[in-house]
Amino acid sequence: MSHQVTLSETRNESGSDRGTGSFGGISLQIENVSKVFAGRAGNVEALRPVNLNVEAGEFVTLLGPSGCGKSTLLSIIAGLETATTGSVMADTRKVQGPGTDRVLLFQEAALFPWLDVQHNIEFGLRQLGTPAGERRALARRFLEMVHLQGFERSYVHQLSGGMRQRVAIARALAINPAVLLMDEPFGALDALTRDRLHAELESIWSSTRKTVLFVTHNVREAVALGDRVLVFSPRPGRIVREFRINLPRPRSLEDHSLVDESAEILTVLRDAIGNDELEAENG
Ligand SMILES: Nc1ncnc2c1ncn2[C@@H]1O[C@H](COP(=O)(O)OP(=O)(O)O)[C@@H](O)[C@H]1O
Ligand SMILES: [Mg+2]
């Protein structure tokens, strides 16, 4: 199973114990980060040098065709993958590995099937040595935040895809990271569930002020969630355009200005990318 919650030895690197209070986000400085994967069949240039500053508490969406290096960039920021060139600063610290200040979430919620919802959410806290009473209280709080009260004792196989992602989000929030790295987290969900989770995520973000980097290839999703939308070129990925989204929140996917803004970005994307897959996802 993947590193959805990366813990253990990472605590020192991420600095002092952030405690169990509520902390907002931290800034990220991504400087000249590129990635070449060396393989037997030759090198794959996944990312051209990327420069990006993200403000503390900012919600940035990364939009681009598949294979353009979006996941690679998130993995580098998470400290799970090393950059070929460049560096990532999380607040004032150089990223040199995973840390509890940054959590990565995937399309498939990497939950533990042998644990119930409550214990899945408590998992990271247990790793951090949080006492049982406090763990329970925190789990309850985040369970409520994702509207899963009453499902404490349910197992993963008893949950819908949307509910699984809610558990994954609650588990991530429980360890109080400063940065949420979300890699197409709602990509496998039906439209209605996706809408609902957009609203929930937006409300969680406004109350916690975490820094969020959210990868998608859905233009409307990117516009609905982002303070900024960054458009990537096909592989090797680089940022080709940046859009600041000033629409009032909470945003609705049906909102006319949102639809207009998305259409504009899609036009730019077609020019920059001309990608069939993008058409399918956004048609
Ligand atoms: N561990 C790896 N080894 C070799 N190539 C990789 C590895 N991870 C990703 N790649 C390649 O790097 C490119 C970018 O991949 P990825 O970051 O997953 O793109 P995206 O998330 O935008 O779809 C792809 O061509 C992919 O095949
Ligand atoms: Mg990806």
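The crossing of helix 5 and helix 6 is right-handed, a crossing being right-handed if the near helix is turned clockwise from the far one by less than a right angle, and left-handed if anticlockwise. The model is predicted, so that local features need pLDDT of at least 70 and side-chain atom pairs count only at pLDDT 80 or more, whereas totals for chains, interfaces and linings use all residues. Residues are numbered from 1 along each chain as its sequence is written, with chains lettered from A and ligands numbered from 1 in the order in which they are written. Helices (H or I, at least four residues) and strands (E, at least two) are DSSP runs numbered from the N terminus.

Axes are lines fitted to C-alpha atoms, for helices over the stretch in contact, and angles run from 0 to 180 degrees between N-to-C directions. On helix 5 the contact (C-beta atoms, placed from the backbone, within 7 Å) involves Gly161, Gly162 and Gln165, and on helix 6 Thr193, Arg196 and Leu197. These contact residues comprise one nonpolar, four polar and one charged; Ala, Val, Leu, Ile, Met, Phe, Trp, Tyr, Cys and Pro count as nonpolar, Asp, Glu, Lys and Arg as charged, and the others, Gly among them, as polar.

Helix 5 also packs with helix 3 (residues 117–127), at an angle of about 30° and with the axes 7 Å apart. This geometry makes helix 3 roughly parallel to helix 5, and the crossing is right-handed. Helix 3 contributes Val117, Asn120, Ile121, Phe123, Gly124 and Leu125 to the contact, and helix 5 contributes Val167, Ala170, Arg171 and Ala174. By class, the contact of helix 3 with helix 5 has seven nonpolar, two polar and one charged residue.

Four strands form an open sheet in the order 2-1-4-5, with antiparallel pairing, where two strands pair if DSSP finds at least two bridges between them. Strand 2 (42–54) and strand 5 (93–94) are the edge strands, each pairing on one side only. Strand 1 and strand 2 are linked by a hairpin through two residues and pair in the antiparallel sense over nine bridges; Ala38 has Asn43 of strand 2 as its bridge partner. Strand 1 (residues 28–39) pairs with strand 4 (residues 85–90), also antiparallel, over five bridges, and Gln29 stands opposite Met89 in strand 4. Helix 2 (residues 70–78) lies across strand 1, strand 2 and strand 4, running at about 115° to strand 1.

The other open sheet has six strands in the order 6-7-8-3-9-10, with mixed pairing. Its edge strands are strand 6 (102–105) and strand 10 (239–244), and the twist averages 15° from one strand to the next. Strand 3 (residues 59–63) and strand 8 (residues 211–216) run parallel and are joined by five bridges, Phe59 being partnered with Val212 in strand 8.

Around ligand 1 there are 13 residues, of which Phe37, Ala46, Lys70, Ser71 and Thr72 come nearest; a residue is near a molecule if its C-beta atom, placed from the backbone, lies within 6 Å of it. Strand 1, strand 2 and helix 2 each supply at least two residues of this shell, and helix 2 gives the most, with three. The shell around ligand 1 divides into four nonpolar, seven polar and two charged residues.

Definitions and conventions
Contact = placed C-beta atoms within 7 Å. Parallel < 35°, antiparallel > 145°, perpendicular 65-115°, else oblique.
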